[in-house]
Amino acid sequence: KMSPDSGIAGKVFTEKKSIITIIFTASPSPGYRIQGWYSDANCTNPLNNGTNTTYTINPLTTNATVYVKYEEIPEEKFAVTIQTNNPNYGTVSPSGSQQVGKSGINITATAETGYQFDEWTCTDGASVKDASNPNTIASATAEGTVTANFSITNYTITYNLNGGPNNTSNPASYTVETETITLQDPTKEGFLFAGWYTTSTFSET
């Protein structure tokens, strides 16, 4: 007899060829393969049959029990480079060459202060689940690259001028790479400019 005769990993069929010959045929389920044939249920005593799909007993002179062991086919993986468009703008984890398959790996992009994550871009056989999410999954069907793209954050400056016009030299925005800004005095007819403040209570300059 053949044991087990069926399961999630595959099935076994018995073909009686003659009174003294019997052939066992193993049929792995998709994603599985034959690891070997054994004479014991613990699969510690291998039969001399390798990973063949059939096992023949000839001549059959007594009751016989054989076991086939299945194993999951390992996922094929490929070298995928995880990188950034500019290492000064942000980092990725993991980084460098990674072994990646269809099931994917978790990747994270972290922007430095003053910069922002924009999107992931991929080449060749690499892809990501969500290109706009800094925390996503990268997968691959061939070698490729996955790049985290960062850019400089542009900060808007809001001026509350209490009815007076701003000095045209004062900028409307700045970035982390902007040199020190010296704000020029605004004007208002009939008033003297007393200074710039960061609070509406004029308590912090």
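A residue is called buried when its relative accessible area is under 20%, exposed when that area is over 50%, and partly exposed in between. These terms are applied below to a predicted model.

The protein chain contains zero helices and 14 strands. Read from the N terminus, its order of elements is β-β-β-β-β-β-β-β-β-β-β-β-β-β. Of the 205 residues in the protein chain, 28% are buried. The accessible surface of the protein chain amounts to about 13,300 Å², and carbon and sulfur atoms supply 47% of this surface.

Aromatic side chains were examined next. In general, two aromatic rings are described by how far apart their centres lie and by the angle of their planes. Eight aromatic pairs were found in a search of the whole structure. One of these is formed by Phe 117 and Phe 150, with 6.0 Å from centre to centre and 75 degrees between the planes, an edge-to-face arrangement. Phe 117 belongs to strand E11 (residues 115-128) and Phe 150 to strand E12 (residues 135-152), so this pair ties together parts of the chain that are 33 residues apart in sequence. Phe 117 and Phe 150 are both buried.

A second example is the pair of Tyr 197 and Phe 202, which is edge-to-face because the ring centres are 5.5 Å apart and the planes stand at 85 degrees. Tyr 197 has a relative accessibility of 33%, so it counts as partly exposed. Phe 202, at 52% relative accessibility, counts as exposed.

Beyond pairs, Phe 117, Trp 120 and Phe 150 make up one aromatic cluster. A charged side chain also lies over a ring: Lys 188 sits over the face of Phe 191, 4.6 Å from the ring centre.

Cysteines were considered last. A disulfide is a covalent bond that links the sulfur atoms of two cysteines. With a cut-off of 2.5 Å between cysteine sulfur atoms, the count is zero disulfides. Cys 43 has a relative accessible area of 18%, so it is buried. Cys 122 has a relative accessible area of 31%, so it is partly exposed.

How values were computed:
Residues numbered from 1 in each chain as written. Predicted model: local features only at pLDDT ≥ 70, side-chain atom pairs only at ≥ 80, totals over all residues. Heavy atoms only, no water. Buried < 20%, exposed > 50% of the residue type's maximum accessible area, 1.4 Å probe, protein only. Helix = DSSP H or I, 4+ residues; strand = E, 2+ residues; numbered from the N terminus. Areas by Shrake-Rupley, 256 points an atom, 1.4 Å probe, with all protein chains shown as cover. Phe/Tyr/Trp six-rings, centres within 6.5 Å; stacked < 30°, edge-to-face > 60°. Lys NZ or Arg CZ within 6 Å of the ring centre and 35° of its normal.
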